[in-house]
Amino acid sequence: MAKYNIGAVVAEFNYDITQMMLGLAKEEAKSRDCEITQVVTVPGVFDMALAIKKLLEKDEIDAVITLGAVIEGATDHDQIVAQHASRKIADLSLEYEKPVTLGISGPGMTRLDAHKRVDYGKRAVEAAIKMCDRLNEI
């Protein structure tokens with residue numbers, strides 16, 4: 001039985017990058033005796049909030065990780081997307097009193113930068129497990 005059951009919300013935008021992130025996240029969870037029990041894909045990082053909320057409502061989910069890559073474009077759109085998403089992620093974590101970790105790289109990065117940061121998937125799982133452990137100590 002897994003130590004913690006983790007939900008994952010993964011952006012389809014920049015799919016090649018987010019799927020690598022998800023693979024690393026699953027490996028990390030398994031190596032730490034945890035399991036990613038549910039994966040929800042959403043169109044993009046901006047669209048994550050509702051899926052995160054639905055996962056947090058499930059009693060069997062201990063934490064949620066978010067995986068996405070916000071790559072710089074010709075406008076400041078990447079800044080708006082990243083700011084909105086990170087703020088809502090923090091709000092949902094507080095509202096449901098469960099960890100929601102930020103495995104979203106960007107904004108202000110190139111596609112090459114995003115490929116270099118696929119380890120954010122691993123880091124998101126690590127942070128979720130640490131938060132679960134620490135909250136259980138309180």
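This dialogue works through several features of a predicted model.

Reader: How is the packing of two helices described in general?

Author: Two packed helices are described by the angle between their axes and by the distance between those axes.

Reader: At roughly what angle do helix 1 and helix 5 cross, and within what distance do their axes come?

Author: Helix 1 covers residues 15-31 and helix 5 covers residues 120-137. Their axes cross at roughly 35 degrees and come within 7 Å. The crossing of helix 1 and helix 5 is right-handed.

Reader: Which residues make the contact?

Author: Helix 1 contributes M21, L24, A25, E28 and A29, while helix 5 contributes Y120, G121, K122, V125 and E126. By class, the residues of this contact of helix 1 with helix 5 comprise six nonpolar, three charged and one polar.

Reader: How many cavities of 30 Å³ or more does the structure hold?

Author: The structure holds one cavity of 30 Å³ or more. The volume of the largest cavity is about 40 Å³.

Reader: Which residues line the largest cavity?

Author: The lining consists of V45, F46, M48, A49, I52, H84, A85, K88 and I89. Two elements give two or more residues to this lining, namely helix 2 (48-56) and helix 3 (77-96). The largest share, four residues, comes from helix 3.

Reader: How much space lies in the largest pocket, and how many residues line the pocket?

Author: The largest pocket holds about 240 Å³ of space. Its lining has 15 residues, and those nearest the centre of the pocket are F13, V70, I71, H77 and V81. Strand 3 (63-71) supplies at least two residues of the lining, as does helix 3. The lining of the largest pocket divides into eight nonpolar residues, five polar and two charged.

Reader: Let us close with the backbone. Is the peptide bond from G106 to P107 cis or trans?

Author: The peptide bond from G106 to P107 is cis, and its omega is near 5 degrees. P107 is found in strand 4, which spans residues 100-109.

Reader: Is the phi of N14 positive or negative, and where does N14 lie?

Author: N14 has a positive phi of about 60 degrees, although N14 is not a glycine. N14 lies in the loop between strand 1 (5-11) and helix 1.

Notes. Residues are numbered from 1 along each chain as its sequence is written. This is a predicted model: local features need pLDDT of at least 70, side-chain atom pairs count only at pLDDT 80 or more; totals for chains, interfaces and linings use all residues. Side-chain values use heavy atoms; hydrogens and water are left out. Axes are lines fitted to C-alpha atoms, for helices over the stretch in contact, and angles run from 0 to 180 degrees between N-to-C directions. A crossing is left-handed if the near helix is turned anticlockwise from the far one by less than a right angle, and right-handed if clockwise. Contact means heavy atoms within 4.5 Å. Ala, Val, Leu, Ile, Met, Phe, Trp, Tyr, Cys and Pro count as nonpolar, Asp, Glu, Lys and Arg as charged, and the others, Gly among them, as polar. On a 1 Å grid over the protein atoms alone, a cavity is a set of points where a 1.4 Å probe fits but cannot get out, and a pocket is an open set with protein on both sides within 12 Å along at least five of seven lines; lining residues have an atom within 4 Å of a point. Grid points are joined across faces, edges and corners, and a volume is the space filled by probe spheres set on the points.
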